[in-house]
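Open the model in your viewer and keep the sequence panel beside it. This tour tells you what to select, stop by stop.

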Amino acid sequence: MSRATSIAMLVLLAGLGIGLTWLVHNSSAPRIAAEQRLIDSRNLLDLLTPDSYDNQPLEQPLALENMTLENSTLLTGYRASKSGQTVAVLLRTQALGYAGTLELLIAIDASGRLIGVKTLKQSETPGLGARIADWPNIWLQVFSGKSRTDPADAGWALKKDQGQFDQIAGATITSRAVINATHDALRYFDEHRQALLGSPSHE
Amino acid sequence: MNRSPLLPSTLMLTPLIGITDTLMNALGLWLLFILVITAFSLSMALLRPRVLPSTHLLAGVLLAATWTSCAELVTQIWSLPWHQHLGIYAGLIALQCVVLEHAGFFHRARVERLQLGALFGGLLAGVGLLRELIGNGTLGRHLSWLAGAGQTDWQGWLLTADGGLRLATLAPGGFILLGLLLAAWQAWQRPQPSH
């Protein structure tokens, strides 16, 4: 057990260790990536009922223009279609909440009605504004079925701002941010309806 | 060589506070810990006669790093959501291996080692159970993640509808709970005063 054999053993050990780790990493990377994609898609697509679409919306993000809206910024959009006909458009927007940025996913169907709103990222006060992140969410369900005309533009605000929506108790700024971002998305959908829905042949 | 008995205990305290916010997390980390410690002790036993005593620490570091990295990759394949909840505590196992080796843990009798491992597991499971019950009102949340990838998420037995005391799921709540448990243990151990 001389010094030289000791050092040789350590070098051999280091080589074996690095080699084994590299091997395991390479053989597992594709499986891990696929699993991550599955989790992401399950997370983003559970606003839509599974049999209402048959394509892979997340694979082809839409090319959007004029992404800076009045109270929010659009990040990406996805289109869900069944047999070639667009069933829903998913818009991913970013808005300013109370403590940081909020990221919302807003699902609008082909006729301009809201299917649902989901919170993807938030850093609001736990127990107050952070309640928008619960899923399924009682407060966000109020938005399902609403559209640009129901309520009218003036109705898209909190009740204390002469609108129609109740706020989350103790989280007025967060509630306002969500309402404004949703209204922005509906207005954007109206203005860019053709581009978002895709082929005009379904009219 | 200073063989302080406190250092291994200190390193066990970190996961005891950090990973016990749900029962699933605590049990999962304990399983991972047992696997890596076993692999480490077997390979270290093979290596110890073949290298100089002054290089035992370096050899231990290399072995611990290799085994922990492979274990983390395997947990990622086994169940990705579970790995994301483990955070930094899976990597901490490597440090625990090295410190235990340095403190002479692997030279103790096998029974003693098994006892300490079981004690660690019992503590983790107990604190995890309490914190989940008090903090979330559920029992066994996300336990299905331990069973492998692609399992539907199980929210656990719901015991209180409103959630619980959120403080218990955060680190300060863990410290407070551990302090209370320690106080209760000491009160139980105190001999009864004879009147």
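## Stop 1: where the chains meet

Across the interface of chain B and chain A, the rule finds zero salt bridges; a salt bridge is a side-chain nitrogen of Lys or Arg within 4 Å of a carboxyl oxygen of Asp or Glu. The side of chain B that touches chain A has 14 nonpolar, six polar and two charged residues. Here Ala, Val, Leu, Ile, Met, Phe, Trp, Tyr, Cys and Pro count as nonpolar, Asp, Glu, Lys and Arg as charged, and the others, Gly among them, as polar.

Before going on, note that this is a predicted model, where local features need pLDDT of at least 70, side-chain atom pairs count only at pLDDT 80 or more, and totals for chains, interfaces and linings use all residues. Residues are numbered from 1 along each chain as its sequence is written, chains are lettered from A and ligands numbered from 1 in the order in which they are written, and side-chain values use heavy atoms, with hydrogens and water left out.

Now select the whole contact (heavy atoms within 4.5 Å). Chain B gives 22 residues and chain A gives 20 residues. The buried area between the two chains is about 1900 Å², with 79% of it from carbon and sulfur atoms. Buried area is the accessible area (1.4 Å probe) that two parts lose on being put together, summed over both.

How many residue pairs are in polar contact across the interface of chain B and chain A? The rule finds two, both at pLDDT 80 or more. A polar contact is a pair of N or O atoms within 3.5 Å; within protein, one must be able to donate a hydrogen and the other to accept it, and residues adjacent in sequence count only if both atoms are side-chain atoms.

## Stop 2: a helix from each chain

Select H1 (residues 3–45) of chain A and H3(B). Their axes come within 9 Å and cross at roughly 10 degrees. H1(A) is therefore roughly parallel to H3(B), a term for angles under 35 degrees. Axes are lines fitted to C-alpha atoms, for helices over the stretch in contact, and angles run from 0 to 180 degrees between N-to-C directions. Helices (H or I, at least four residues) and strands (E, at least two) are DSSP runs, numbered from the N terminus.

Show side chains next. In H1(A), pick residues including Leu10(A), Leu20(A) and Ile32(A); in H3(B), the partners include Leu58(B), Leu62(B) and Ile77(B). The residues of this contact divide into 13 nonpolar, seven polar and one charged.

## Stop 3

Chain B has seven helices and two strands, in the order α-α-α-α-α-α-β-β-α. Its C-alpha trace spans about 60 × 60 × 25 Å along the principal axes.

Select H1 (residues 6–18) and H7 (residues 171–189) of chain B; their axes come within 8 Å and cross at roughly 115 degrees. That makes H1(B) roughly perpendicular to H7(B), the term for 65 to 115 degrees. Leu13(B), Leu16(B) and Ile17(B) in H1(B) meet Ala171(B), Gly174(B), Phe175(B) and Leu178(B) in H7(B).

## Stop 4: backbone details in chain A

Bring chain A back. Go to Pro136(A), in the loop between strand E4 (114–121) and helix H2 (172–191). The peptide bond from Trp135(A) to Pro136(A) is cis, with omega near 0 degrees. Pro151(A) also sits in the loop between E4 and H2 of chain A. The bond from Asp150(A) to Pro151(A) is cis, with omega near 5 degrees.

Finish at Asn66(A), in the loop between H1 and strand E1 (72–82) of chain A. Phi of Asn66(A) is near 55 degrees, a positive value in a residue other than glycine.

Terms used: Parallel < 35°, antiparallel > 145°, perpendicular 65-115°, else oblique.
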